[in-house]
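The entries below go one element at a time.

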Amino acid sequence: MDPKRSRNSHESVNSSESTRFPDEVLERVLSLLTSHKDRSSVSLVCKDWYNAERWTRTHVFIGNCYSVSPEIVVGRFPAIRSVTLKGKPRFSDFNLVPENWGADIHQWLVVFAEKYPFLEELRLKRMTVTDESLEFLATSFSYFKAISLMSCDGFSTDGLAAIATHCKNLTELDIQENDMEDNGGGWLSCFPENFTSLEVLNFASQQGDVSFDALEKLVDRCKSLRVLKVDKYVKLEQLHRLLVRAPQLTDLGTGNFQQELTPRQCAELESAFSNCKNLHTLSGLWDATSLYFPVLYSACGRLTFLNLSYAALQSGDLAKLLPHCPNLRRLWVLDTVEDEGLEAIGSSCPLLEELRVFPAAPFDLDINRGVTESGFIAVSRGCPRLHYVLYFCRQMTNAAVATIVQNCPDFTHFRLCIMNPGQRDYLTGEPMDEAFGAVVKTCTKLQRLAISGLLTDLTFEYIGKYAKNLETLSVAFAGSSDWGMQCVLRGCPKLRKLEIRDSPFGNAALLSGLAKYESMRSLWMSACNVTMNACKLLAREKPRLNVEVMKDDETDSQVDKVYVYRTIAGPRRDAPPFVLTL
Amino acid sequence: MSNLLVEDLRGIELSLGLPGGGSEAETTVKVTGKRGFSETVDLKLNFQQIQSAVDLNEKMKSPTKEKDPAKPPAKAQVVGWPPVRSFRKNIMSQKSTTAETDKTSGGAAFVKVCMDGAPYLRKVDLKMYRSYQQFSDALAKMFSSFTMGNYGTQGMIDFMNESKLMDLLNSSDYVPTYEDKDGDWMLVGDVPWEMFVESCKRLRIMKGSEAIGLAPRAMEKCKSRC
């Protein structure tokens, strides 16, 4: 044992006899572990391993920012370089969580600034991030390299300007799907002239112009740039200028793809694309039509991920493009492609693993549009490796889903959204219970499930009985009684996240999970039949859970929203007035 | 799709106020003299009051053995449903805005439809339909057996019969009206379908007795032309 090691010296002396490996060896081995699940397991073996693990952990993943406090995190892990934090419940993406609910990053940054001066990476999802926080981040961590914000809110382009100005070693600026205030595109000009380290730049969710000149110069001098996703205000004729300066790109998000180009401009663009030999991911393509698809053909053969969800393509457009993309593993489209478009997918993309079909007009209850069960069947026939699907449709049948999972038994993520709540099998008039029964019986690897349509408790009986690997379940307008939810809570051993809205589950259902919630990350129930008394009882029985209630009406005993999650940090100290912690 | 209507109707709260078209009932219809009815309307409307439809459907619904499953919401648009992120919601509307400035006939023509007494407004894309008949069918599905009656082979309503028009407008049946690009409120059915799609800004289905304010002026225009 090295006497210079001052950490835990009193412990080391006592345990040195029982330690088989010297600390250095153990730590060397453990430092190779990256999976946080593995690390969690390691830390439970014994005290020595717990210590070795905590000293060697460089990345911490916190799935619920309120499950732990920043003080506890820095106390346990002294050597962190990279933090991933997730904040609000997922239903906040759909406006079910009021504003100012919380999940503000600032207090975390304040603590990190003191204890992790060498922090390099911060990845946030569904957190509130202000410009002030971004400025604080940019000026507090001199070695800061990578920031990724997904579905965050509270900041503007001013915050990006702060990052660009101060982070001299920045490699990654990844702003995805955010609610970002647009105060102009001048932030891109804030990168210093001698700044060349950028590898990832994603500002696709910006809602305004950027200084193209600054962008072009930046792309030109950052020779390691591999991911570039611009916003829709970058024109098609400008794209060529970016591509010729960055032929090494692996991941491109174009801007607007609809503009009159001269034949010469087309030829130039086509040539630029064919020089991008490493391009495997393509997105953006706002307002694309098939008119300019030929410029892409030379690059399409190498594509593994194509995101067409901003282009309202027709089936013919897709049928023209896809034969050039035989290597696609992931494809996102709008339902404007209709079933014929999906047939084209089935016949052109045999290696497809993930398909997402988004609705172009989700709030139009016009039943003549979009995709149906037959498109889904066509894909399942042509793409046997399909394991991830997100499918928005207006009609579905139990028989179709049974066929689909027969064709593709390896589903790990099955998210089916029949857009009209409580809709039956349109051929038989029955509930959609058997569809999801087929899914859970056949797809033994299923980790994530989102259900829809008219569903009785039978669906939940099936889920509880068969979905042994299920981790995340999303429920809306489903079920008949408490029994349904009880089946799931009793039956799914790996359940971590359960989110329920507008379903007739009440107090008995809520309380039946008493023994289970501490093994889960969180439970969300809104517009169900839960009352204050049950929530209070739950809170009383389980002090290590936070039971947070949001009510519309002060006097009513009915609870509108309840969010239950395990925590070692105690009740929130930053809860807004509309959140009651019981 | 009748199930949809049953469940929609059963959940309706009857204490709702007027839909968006309410205030327009008070405004007087401007007369521009530019357009008028060339023919009288011959509309057969058999819209049922929502309340009676509810009763009717209650009797029609067959008893189920299991407990009633969760009722879908009464409102046409529920908060956060379908679960689509806000940045995705705007794709089609953005596309239709750019389409309007394009010369091509692509893009959509979404107009709001309100019906007096209905608890929710709807939106339809007029470009999805080729004729008044198709349109009438779609409206029927949305507003529970509302039909606009029979149309001629060219899709235009026979407006020649003045007395039929007056009968209709004196009854408590519903007539479809629309606001055109000039801001005038017109009875639906007078112009060829394509022209209607181009000029219609929004629709309001109102009681015949309220629409009567439109008709006499229209009848005058019609008379002055013939």
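My notes start with the ground rules and then take a helix and some strands.

**Ground rules.** I am reading a predicted model, where local features need pLDDT of at least 70, side-chain atom pairs count only at pLDDT 80 or more, and totals for chains, interfaces and linings use all residues. Residues are numbered from 1 along each chain as its sequence is written, chains are lettered from A and ligands numbered from 1 in the order in which they are written, and side-chain values use heavy atoms, with hydrogens and water left out.

**Entry 1, helix α3(A).** I found A:R39, A:V42 and A:S43 buried (under 20% relative accessible area, 1.4 Å probe, protein chains only). They sit on the same side of α3(A), because their arc around the axis is only 95 degrees (taken from the directions from the helix axis to the C-beta atoms). Their cover includes α2, α4 and α5 of chain A.

I asked how many residues of β18(A) are buried. Five of the five are, so the strand is largely enclosed by the rest of the structure. A:T472, A:S474 and A:A476 point one way, and A:L473 and A:V475 the other.

**Entry 3, neighbours.** β17(A) pairs with β18(A) in the parallel sense over three bridges (pairing needs at least two DSSP bridges). I saw A:R448 opposite A:T472. β18(A) also pairs with β19(A), parallel, over five bridges. There A:S474 has A:E499 as its bridge partner.

Notes:
Buried < 20%, exposed > 50% of the residue type's maximum accessible area, 1.4 Å probe, protein only. Helix = DSSP H or I, 4+ residues; strand = E, 2+ residues; numbered from the N terminus. Contact = heavy atoms within 4.5 Å.
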